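Here are my notes for your read-through. Please keep the model open as you go.

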Amino acid sequence: MKKFAELQYVRPDMEKIFARVSGDIAVLKEAKNYEEFRNAYMDYVEADTELETSKTVAHIRNTINLLDEFYEAEMVYFNSQMPKYEILKKEMGEVIVASPFKAEMEKEFGAILIQNMEAQKQLSDESIVDDQVKEAELVSRFMKTQAAATVEFKGEQIGNYGLLKIMQSTDRAERKEAFEAWAKLYEGIAPTLEEVYDGLVKVRAGMAKKLGFKSFIPMGYLRRRRFDYTEKELEVFRKQVREVVVPAAAKLYERQKEALGIDTLYYYDESIASPSGNPVPIGDKEYLVGEAQKMYRELSKESGEFFDFMMEHELFDLDSKHGKRAGGYCTTLPQYHAPFIFSNFNGTDADVNVLTHEAGHAFAGFTAAKYQKTPELCHSTSEINEIHSMSMELWTYPWMENFFGDKAEEYRREHLADALMKIPYMLCVDEYQHKVFENPEMTTMERRAVWSGLEKIYMPWRNYAGNEFLESGAFWIKQQHIFLYPFYYVDYAMAQMGAFEFYTKMKEDRKAAWADYYKLCAAGGSMGYFDLLKYSGLHKVLEDGSVKIILKGEFEELGL
């Protein structure tokens, strides 16, 4: 494989791909034996792998610079073609599910492959092709609007990430000033973002209706391959978070207020844990990446091999720059079994978190590719995938001196507390989305009122210092998952429980814990959510009482 920047991108000829996959389907229908059947399926896998790799290269380069007209046009092309391709994949799945060779396919590739095909059957239809194109256009509009947003601050135009860094200043007046600018930035783009979201809600609800779902909620769950539970079971987890985690987080925020020596903890104080300021990395990007390479070599043979591969092929884009998409992600170039990490470094501890969290995703995908027969089986649902990443954050604790010097212990303590304190917000985001799709005709202000009410339940400590825009319930618009990946956010909270369990195991026996963790990574998406939890010895967080059991060790360490 070449370095990522050297990879040549050529737009796939979708007509040829359609013809090739149609030919594979024809062979599947007429196959006389399993070998013939399997060969046709694997030819489809090869074609799909090549297509997904080209699409991912275009996607990465588009998100690196949303102002690049060439790659924007390529994403418009893919957005217009992929719904038709999904219908073809649906037909293939229908043929396989109805085939006399279904049992042999299931035996070789696992039951989850058949479940995925059955889900595809319910999610693809000619009637929603135009809606899917519209959804993709709205998502693109959201990303461009957010990426281009700046506001004047102390005489210069500054974006979201720059302001978030200043909101960690030890000078409270400066934090407040940055917070007010941050709120103003989002207030400026709120009309556009809320219009986009209204369009997304309506188009998604419309697709669900056309496909015969009672609402977008079950359709959204099926999109996320949630085969093991429904919104009813998820409420068991929400209830545990409200009863166990919210009070614990409230105590931690009260401690933070006392440590800062302030009478009232405002939102702009939440991101700083002590008067001396948060631990910050002791080096620049090159230093951090170099230290990460040393760390992963020392952590294990497997992780060292993984990070050396990432370095050799320059599979990162980490700098924050104008026109770049917000946030961070890890994706995969399946043709090369190569992960790619995207982020926006801003000189805070979040930069180190990227090199552990996103690297956890990348390590899992790199590992699964060694053991799974198809790219589809290399990645599970996000409730599992986020266990990989959040656990890696904890696996790397012993090396934090290399990144934070004498502030390393402070970083570990604050990171562990922060992991717990974020969970209520995750559940707030999740319940908000459910309420939105229970009533997709709500107005903008009705949606804000829903958010405001949920904040009082999940984050009773939240105080916006009289900012009318945020107090109206507009904070949710900053959460890109709500726009891009409906119902993907509670997964972080569920996965954090698995990471906490691994952390407890690490403290008891690191070698045995690593063996279980590696086993989970290697399994990829070859089993369902509940089966993967059982396979790696983790609790089901949807069972009442499990959260209290899982958090026992963390509560003791944090003195709760």
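How many residues does helix H11 have, and how far does the helix reach from its first C-alpha to its last? Point 1 takes this up.

1. Bear in mind that this model is predicted. Helix H11 covers residues 285-299, which makes 15 residues. The span from first to last C-alpha is 21 Å, close to the 21 Å expected at 1.5 Å a residue. Several of its side chains are buried, among them Leu288, Val289, Met295, Tyr296 and Leu299. Glu291 and Gln293 of H11 are buried as well.

2. Next, the sheet. Three strands form an open sheet in the order S3-S5-S4, and the pairing is mixed. Strand S3 (316-319) and strand S4 (329-333) are the edges, each pairing on one side only. From one strand to the next, the twist averages 15°.

3. S4 and strand S5 (residues 338-345) run antiparallel and are joined by five bridges.

4. Helix H12 (residues 301-312) touches S3 and S5, and its direction makes about 70° with that of S5. Helix H13 (residues 349-371) touches S3, S4 and S5, and its direction makes about 165° with that of S5.

5. Now the charges. The structure holds 47 salt bridges. In one of them, aspartate 125 pairs with lysine 90, with the closest N and O atoms 3.7 Å apart. Aspartate 125 sits in the loop between helices H5 and H6, while lysine 90 belongs to helix H3, so the bridge ties together parts 35 residues apart in sequence. Lysine 90 is buried at 14% relative accessible area. Aspartate 125 is partly exposed at 28%.

6. Lysine 210 bridges to aspartate 131, and here the closest N and O atoms are 2.7 Å apart. Why does this pair tie together parts that are 79 residues apart in sequence? Because lysine 210 lies in helix H8 and aspartate 131 in helix H6. Lysine 210 is partly exposed at 49% relative accessibility, whereas aspartate 131 is buried at 16%.

7. Lysine 202 is partly exposed at 34%, and aspartate 198 is partly exposed at 22%.

8. Finally, a network. Glu235, Arg238, Arg242, Asp430, Glu431 and Lys435 are joined by salt bridges that share partners.

Methods
Residues numbered from 1 in each chain as written. Predicted model: local features only at pLDDT ≥ 70, side-chain atom pairs only at ≥ 80, totals over all residues. Heavy atoms only, no water. Pairing = 2+ DSSP bridges. Helix = DSSP H or I, 4+ residues; strand = E, 2+ residues; numbered from the N terminus. Axes fitted to C-alpha atoms, helices over the stretch in contact; angles between N-to-C directions. Contact = heavy atoms within 4.5 Å. Expected span 1.5 Å × (residues − 1). Buried < 20%, exposed > 50% of the residue type's maximum accessible area, 1.4 Å probe, protein only. Salt bridge = Lys/Arg side-chain N within 4 Å of Asp/Glu carboxyl O.
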